[in-house]
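Please look through the sequence and the structure shown below, and then follow the points by topic.

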Amino acid sequence: MKDIRTLSLDELKDYFVTLGEKPFRAKQVYDWLWSKNLHSIDEMTNLSKNLRERISQEFTINPIAVDLLQKSADGTIKNGVKLHDGLLVESVLIPTETRTTACVSSQVGCSLNCEFCATAKLKRMRNLEVAEIVDQVALIDRQSKLYFDRPLSNIVFMGMGEPMMNYKNVVEAIRKITKPEGLGMSPRRITVSTSGIPKMIKMLADEDLKVKLALSLHTAIEAKRNEIMPFSENFPLTEIMDSLKYWYEKTGNVVTFEYCVWGGINDKDEDIKALIKYCRQVPSKVNLIQYNPIGEGKFDHRSIAAEEKYVRELTKAGITVMVRRSRGGDIDAACGQLANKTAEE
């Protein structure tokens, strides 16, 4: 049967009219599905029993389910999430003293081939549906309230998959997450992270979603980027920059560059100078991310000395830079590690 959550509000209205019901029934069901994140038609208590039975004969709800929950020593929670067809993705709750962040997935596997990312080693099986993305957020919101006594405050599309390669569903999921008739969360606390697909960055700018944008950069030297992120040969840094300028012009939101520093790869003065030059082309800031090894030898050498030099030189150049410490590494929940792997494996 078809998942009822694939119907728009207008389609729900049309459906209830065909049943001889008033159109307002659609709003009641929509509220159960998207505001309350209900997963059982039988629990829609403001509908008659006969109507609930009628709906259940034609539609189902395919919720996600936590297949495995792992807790890190630092409080991070990783959810191994099973989808209705048995496929698995992962989502992560990242707590700090002041906030809790949901790191959500957008694809089963990934469409891209970044050499330093565990998810990229997985075959892309399919894109996640809108409801599967929203379910991850609702799940982590409940976990945040249960384990940390506060609601979810931030959402990052930095889990499994490239969000821009599941563009339509990611955008619709964001609308469901942020609209008052959905989960009602602030769009300004949502960050969409991309490895850099210029056409889609421009499209996202035109959506007026009021979300933030992060680019997984890691080097501003074209040849090096093409080596560690082979897909980027199709998307030159100049084209990406054009799309980032368009993003800023349309949204007024500063771009965040995500950047890992590896010894022997991007730890030279020329790498720092290239990054500074790239940053100066658009209002931006840099997040230096502590890399989390995935067993690929050449990326396992974190250069702390080079990180510190990056911070000094970026700061001297007037560019805002933050060093993001790794969270959840002991359960393979940290950035770049999501690959449906348990701590015991």
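Strand β9 (residues 154-157) pairs with strand β10 (residues 190-194) in the parallel sense, over three bridges. Within this pair, valine 156 lies opposite threonine 191 of β10. The model is a predicted one, in which local features need pLDDT of at least 70, side-chain atom pairs count only at pLDDT 80 or more, and totals for chains, interfaces and linings use all residues. Residues are numbered from 1 along each chain as its sequence is written, and side-chain values use heavy atoms, with hydrogens and water left out.

**Terms for strands and helices**

- Helices (H or I, at least four residues) and strands (E, at least two) are DSSP runs, numbered from the N terminus.
- Two strands are said to pair if DSSP finds at least two bridges between them.
- Axes are lines fitted to C-alpha atoms, for helices over the stretch in contact, and angles run from 0 to 180 degrees between N-to-C directions.

**The sheet**

- Strands β9 and β10 belong to an open sheet of ten strands with mixed pairing, in the order β3-β4-β5-β6-β9-β10-β11-β12-β13-β14.
- Its edge strands are β3 (65-71) and β14 (320-324), each of which pairs on one side only.
- On average, neighbouring strands of the sheet are turned by 20° against each other, direction ignored.
- Helix α4 (residues 130-148) lies across β3, β4 (77-82), β5 (88-95), β6 (100-103) and β9, and runs at about 40° to β5.

- β4 pairs with β3 in the antiparallel sense over six bridges, and lysine 71 stands opposite isoleucine 77 of β4.
- The hairpin of β3 and β4 has five residues between the strands, and there glycine 75 takes a positive phi near 100°.
- β4 also pairs with β5 in the antiparallel sense, over six bridges; here valine 81 stands opposite valine 89 of β5.
- The hairpin of β4 and β5 has five residues between the strands, and glycine 86 in the turn has a positive phi of about 90°.

**Threonine 178 and methionine 185**

- Threonine 178 is found in helix α5 (residues 167-178), whereas methionine 185 is found in the loop between α5 and β10.
- Threonine 178 counts as buried because its relative accessibility is 17%; methionine 185 is buried, with a relative accessible area of 16%.
- Leaving aside neighbours within four places in sequence, threonine 178 is in contact (heavy atoms within 4.5 Å) with Gly184, Met185, Ser186, Pro187 and Ile190.
- Methionine 185 touches Val137, Asp141, Leu152, Ile155, Ile177 and Thr178, not counting residues up to four places away in sequence.
- From C-alpha to C-alpha, methionine 185 and asparagine 154 are 8.8 Å apart in space, and they are 31 residues apart in sequence.
- The C-alpha atoms of threonine 178 and valine 261 are separated by 34 Å, and the two residues are 83 residues apart along the chain.

**Helix packing**

- Two packed helices are described by the angle between their axes and the distance between the axes.
- The axes of α1 (residues 9-18) and α2 (residues 24-35) come within 8 Å and cross at roughly 130°.
- That angle makes α1 oblique to α2, given that angles under 35 degrees count as roughly parallel, over 145 as roughly antiparallel, 65 to 115 as roughly perpendicular and the rest as oblique.
- In this contact, Leu9, Leu12, Lys13 and Phe16 of α1 meet Arg25, Ala26, Lys27, Val29 and Tyr30 of α2.
- By class, the contact of α1 with α2 has six nonpolar, no polar and three charged residues; Ala, Val, Leu, Ile, Met, Phe, Trp, Tyr, Cys and Pro count as nonpolar, Asp, Glu, Lys and Arg as charged, and the others, Gly among them, as polar.
- The axes of α6 (residues 198-206) and α8 come within 8 Å and cross at roughly 0°, and α6 and α8 are therefore roughly parallel to each other.
- By class, the contact of α6 with α8 has eight nonpolar, two polar and five charged residues.

**Helix α9**

- Asp271, Ile272, Ala274, Leu275, Ile276, Tyr278 and Cys279 are buried in helix α9 (residues 269-279).
- The cover over these buried residues of α9 includes α7 (222-228), α8 (237-251), β12 (255-259), β13 (284-289) and α10 (304-316).

Methods: Buried < 20%, exposed > 50% of the residue type's maximum accessible area, 1.4 Å probe, protein only.
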